[in-house]
Amino acid sequence: MNEFLQQLINGLSLGAVYALIALGYTMVYGVLRFINFAHGDVFMVGAFSGMYLSRWLKPLLAHWPEWLFAVVVLAGSMAFCGVLGIVIERLAYKPLRERPRLTVLITAIGVSLLLEYSGQLLFGAAPRGFPSLIESRSLSGLGELHATNIQAFVLTATALLLGGLHLIVMRTRMGLAMRALSLNPTAAMLMGVNTNVVISFTFGLGSALAAAGAIFYASLYQAIEPFMGVLPGMKAFVAAVLGGVGSLPGAMVGGLILGVVETLVVGYSKVLGIPPGYRDAVAFVILILILLFKPSGLFGKQQREKV
Amino acid sequence: MAPSEAVTEIVVGEFASLSGATASFGQSSHKGTAMAVDEINAAGGVLGKKMRLVSEDDQSKPGEAATVVRKLISRERIVALLGEVASSRSLEAAPICQQAGIPMISPASTNPKVTEVGDFVFRVCFIDPFQGTVLSKFALSKNWKRVAILTDVKQDYSVGLSQFFKAHLSVNGGTVVSEQSYSSGDKDFKAQLTAIKGTTPDVILASGYYTESGLIALQARELQIAAPLIGGDGWDSPSLVEVGGKAVEGSFFSNHFSVEDPAPAIQTFLKKFNDKYHEQPDAMAALGYDSAMILADAIKRAGTTEGPKLRDALAATKDFSAVTGKITLNPQRNADKSAVMLEVRNGQFKYVETVAP
């Protein structure tokens with residue numbers, strides 16, 4: 001039982017990261033109806049900007065409490081990636097907005113490769129250790145279970161970010177505009193919604209969340225490299241589809257489910273008879289099942305294709 | 001190729017993981033190899049010709065090794081091939097060299113299957129049945145009888161090392177209490193480690209490469225597993241400490257040589273390497289250096305660069321004084337050499353003992 005709960009803790013902290021990345025996919029899809037395949041690489045940039053930020057800031061903020069330092073690095077990295085997301089949208093996707101979806105999709109793959117290989121050129125291909133923003137300590141009072149303060153920080157910060165996101169989408173004018181745009185872009189435009197601003201904002205927000213996910217991922221698993229975004233990016237995409245693309249609670253729940261399932265498959269590989277090497281396959285088997293049996297995902301609305 | 005070029009130089013190919021997950025290995029072995037070629041040329045070359053090294057990067061990726069090796073053979077018309085460190089990628093290149101009749105020397109691939117591919121494939125290091133035995137004996141000598149094993153199923157090296165370790169341990173009084181696996185590139189090992197924790201091992205064998213092993217150490221400590229870790233020569237990279245930090249302190253691994261060894265050959269190499277690259281060489285650098293030196297020696301003895309004659313000369317290599325010890329290539333085309341055990345202490349790899357074959 002203890003081992004099961006322990007695996008659950010492991011799975012939830014991994015799932016929180018998937019959820020944060022999945023939100024970016026889902027938000028962009030909601031507004032633009034297109035999957036931004038460069039999202040996983042923005043995630044990678046988030047991790048590296050976090051690493052450099054923490055190196056530069058460490059001497060300046062040495063006397064600060066470490067959680068505050070972690071929050072500053074987190075915010076800085078989110079801001080950087082938010083801007084990067086906006087720039088990518090302006091330069092690569094905006095000129096193609098009236099073109100067929102496929103054109104934009106392929107451009108997204110191009111942007112993804114550009115980021116990966118620029119990363120390799122700038123940072124080198126060897127995996128780098130991520131500086132620990134918070135000294136890892138075991139939390140006491142859990143009996144046989146072990147959770148670190150980093151895991152607690154990740155889960156708390158994820159919950160806060162999701163709460164904040166919910167407020168933005170549901171309680172602000174910008175959120176209202178986002179929802180209007182995702183419902184009917186033409187009608188929203190006719191009602192005076194400035195689509196360019198809303199789309200930029202969506203990209204910025206999604207990329208900032210990816211950066212947060214990256215900082216958490218790097219804090220949990222400590223090694224970062226230019227291709228680190230590929231697999232988590234794909235899995236977060238699966239998480240978004242699992243929850244229903246376009247649905248914010250769906251992306252969150254999808255991410256958590258995926259993280260837990262993946263961890264349990266590895267942890268109980270002997271019992272289940274699935275070799276742990278198949279951990280990455282699990283996500284894609286889930287994707288296939290979802291597409292076969294519930295293409296709109298757990299929280300997605302069935303949409304009729306407009307002719 | 002212009003005929004004049006063909007007579008003035010001997011083209012030697014090298015493939016290495018200059019980037020990607022095991023970039024540290026490729027970079028090191030490449031530096032060692034390049035330094036050897038420079039030295040050979042400074043001393044007048046071989047057979048009156050300059051040696052020219054053509055290096056290709058396989059990006060640590062499966063499949064890429066075969067592509068770059070074919071390119072080296074067909075486009076660069078190499079006379080011999082040096083590389084790789086990782087056994088999986090040497091195994092991709094070996095059949096291609098065997099078929100083309102081009103002698104190949106792997107500096108550091110320890111999986112036995114590599115040289116079993118054919119009589120054109122050689123190596124200048126020991127093999128994993130020996131390394132597995134060394135590690136198992138070491139664990140038993142420390143009275144670590146309950147061992148958990150974590151294997152990288154994507155790497156022939158790791159699979160082989162775990163298997164040979166287990167074979168020796170289980171007939172010599174130890175037990176393998178848990179066998180877990182992962183794939184290269186994984187970053188989350190908590191699920192496997194949680195399963196391992198329940199079996200209370202004395203020691204954990206992480207038979208994969210340095211990045212994953214560093215992460216395994218970190219995550220084991222986070223789950224409050226106090227058992228030390230042991231590993232093979234795949235740990236030999238400064239990245240192990242960069243990634244693993246304090247978590248890898250007190251862990252042990254087997255290796256080909258130690259920079260603390262006072263042997264003159266090693267100390268001279270150390271100094272030359274330091275002067276050239278301003279850093280300390282690791283085992284991969286020394287083996288890369290040795291592989292090029294052995295090739296040059298064989299070309300001199302063969303008096304030609306024709307494949308079959310060069311192969312015969314390589315196979316006849318006997319008591320060659322290399323940096324990593326006296327090298328005699330046995331009939332299986334492997335080098336019988338001793339191994340050293342190293343301990344990670346204060347971020348350095350400290351010499352513990354030498355184990356003879």
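This is a predicted model: local features need pLDDT of at least 70, side-chain atom pairs count only at pLDDT 80 or more; totals for chains, interfaces and linings use all residues.
Within chain B, the domain assignment gives two domains. Domain 1 is made up of residues 3-126 together with 262-337, and domain 2 spans 128-255. Taken over C-alpha atoms, the centres of these domains of chain B are separated by 29 Å. Contact between them involves 17 residues of domain 1 and 18 residues of domain 2. On the domain 1 side, two or more residues come from each of helix H2 (23-42), helix H4 (87-100) and helix H12 (283-302) of chain B. H4(B) makes the largest contribution to that side, three residues. The class division for the domain 1 side is nine nonpolar, six polar and two charged residues.

Turning to the strands of chain B, strand E8 (residues 203-206) is covered on both faces. B:Val203 and B:Leu205 are buried on one side, and B:Ile204 and B:Ala206 are buried on the other. E8(B) pairs with strand E6 (residues 146-152) of chain B in the parallel sense, over four bridges. In E8(B), B:Val203 has B:Val147 standing opposite. A parallel pairing also links E8(B) with strand E9 (residues 229-231) of chain B, over two bridges. There, B:Leu205 faces B:Ile230 of E9(B).

Helix H9 (residues 230-243) of chain A contains 14 residues and reaches 20 Å from its first C-alpha to its last, close to the 20 Å expected at 1.5 Å a residue. H9(A) is mostly covered, with 11 of its 14 residues buried. Among them are A:Phe237, A:Val238, A:Val241 and A:Leu242, along with A:Lys235. The buried list for H9(A) also includes A:Pro232, A:Gly233 and A:Gly243. The buried residues of H9(A) pack against H1, helix H2 (39-60), helix H8 (195-221), H10 and helix H12 (279-293) of chain A. After H9(A) comes A:Gly244, with a positive phi near 105°.

Helix H4 (residues 101-123) of chain A has 23 residues, and its span from first C-alpha to last is 33 Å, close to the 33 Å expected at 1.5 Å a residue. Its buried residues are A:Val104, A:Thr107, A:Ala108, A:Val111, A:Ser112, A:Leu115 and A:Gly119. An α-helix has 3.6 residues a turn, so residues three or four places apart point the same way. The cover over the buried residues of H4(A) includes H2 and helix H3 (66-93) of chain A. Just beyond H4(A), A:Gly124 adopts a positive phi of about 85°.

Some backbone details in the loops of chain B complete the description. B:Gly83 and B:Glu84 are joined by a cis peptide bond, with omega about -5°. B:Glu84 is found in the loop between strand E3 (80-82) and H4 of chain B, and H4(B) is the helix with the largest share of the domain 1 side that touches domain 2. B:Gln59 is not a glycine, yet its phi is positive, about 55°. This residue, B:Gln59, belongs to the loop between strand E2 (50-57) and helix H3 (64-75) of chain B. B:Gln59 counts as buried because 20 C-beta neighbours lie inside 10 Å. B:Thr200, likewise a residue other than glycine, has a positive phi near 40°. B:Thr200 sits in the loop between helix H8 (190-197) and E8 of chain B. With 12 C-beta neighbours inside 10 Å, B:Thr200 counts as exposed.

Definitions and conventions: Residues are numbered from 1 along each chain as its sequence is written. Chains are lettered from A and ligands numbered from 1 in the order in which they are written. Domain bounds come from an automatic or database domain assignment. Two residues are in contact if their C-beta atoms, placed from the backbone, lie within 7 Å. Ala, Val, Leu, Ile, Met, Phe, Trp, Tyr, Cys and Pro count as nonpolar, Asp, Glu, Lys and Arg as charged, and the others, Gly among them, as polar. Two strands pair if DSSP finds at least two bridges between them. The expected span of a helix is 1.5 Å times one less than its number of residues.
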